[in-house]
Amino acid sequence: MGVKRKCRELNQAKNKFVKWLKDNEADNIEIFIGEDVDDEWDYYRDVSGFVGNKLIVVRFMMWNSKIKIEYSNEDYSYRDMSIEEFYELLAI
């Protein structure tokens, strides 16, 4: 099953983040794909990787068509980010 049409922009953000991790020579990149349980989430992906010694974790979520991105590392934590805010944070 492919990504739902309304989730494509969020999925593209996830893919850009994975590319950003690879471009920054991240180690141990992991992608968790949340399975739809009774259609609770429109989209749920958790991506993590180590850039240097710093663990970066980003959660991409859509619930009832509302996008939310959570970003955290050892120093910072951001919640309820839009795709645009996420791109600005990583300068991508």
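A polar contact is a pair of N or O atoms within 3.5 Å, where one atom must be able to donate a hydrogen and the other to accept it. The legends below describe close-up views of a predicted model.

**View 1. The contact between D46 and R59.** The side chains of D46 and R59 are joined by a polar contact of 2.9 Å. D46 belongs to strand 2, which covers residues 43–51. With a relative accessible area of 15%, D46 is buried, because buried means under 20% relative accessible area. R59, by contrast, is partly exposed, at a relative accessible area of 27%.

**View 2. The salt-bridge network around R59 and E70.** Salt bridges link D46, R59, E70 and R79 in a network. E70 is buried, with a relative accessible area of 15%, whereas R59 has a relative accessible area of 27% and is partly exposed.

**View 3. The salt bridge between D42 and K6.** Seven salt bridges are found in a search of the whole structure. D42 and K6 form a salt bridge in which the closest N and O atoms are 3.4 Å apart. Distant parts of the chain are linked by this pair, with D42 in the loop between strand 1 (27–33) and strand 2, and K6 in the segment before helix 1 (8–23), 36 residues apart. D42 is buried, its relative accessible area being 13%. K6 counts as partly exposed, at 44% relative accessibility.

**View 4. The salt bridge between D23 and K19 in helix 1.** A salt bridge joins the side chains of D23 and K19, at 2.7 Å from N to O. D23 and K19 are separated by about one helical turn because they are four residues apart in helix 1. D23 has a relative accessible area of 51% and is therefore exposed, since exposed means over 50%.

View 5. E84 is located in helix 2. The relative accessible area of E84 is 47%, so E84 is partly exposed.

**View 6. The nonpolar surface patch.** Y76, Y78 and L89 form a nonpolar patch on the surface, and together these residues have about 280 Å² of accessible area. Y78 lies in strand 5, which comprises residues 77–81. Y78 is partly exposed, with a relative accessible area of 32%.

**View 7. L55 and D27.** L55 is a residue of strand 3. At a relative accessible area of 32%, L55 is partly exposed. L55 and D27 are 28 residues apart in sequence, and their C-alpha atoms are 9.4 Å apart in space.

Note on methods. Residues are numbered from 1 along each chain as its sequence is written. This is a predicted model: local features need pLDDT of at least 70, side-chain atom pairs count only at pLDDT 80 or more; totals for chains, interfaces and linings use all residues. Side-chain values use heavy atoms; hydrogens and water are left out. Helices (H or I, at least four residues) and strands (E, at least two) are DSSP runs, numbered from the N terminus. Buried means under 20% relative accessible area, exposed over 50%, partly exposed in between (1.4 Å probe, protein chains only). A salt bridge is a side-chain nitrogen of Lys or Arg within 4 Å of a carboxyl oxygen of Asp or Glu. Patches are made of residues with over 30% relative accessible area and no salt bridge: like charges are joined within 9 Å, nonpolar side chains (Val, Leu, Ile, Met, Phe, Trp, Tyr) within 5 Å. Accessible areas come from the Shrake-Rupley method with a 1.4 Å probe; for residues, only the protein chains shown count as cover.
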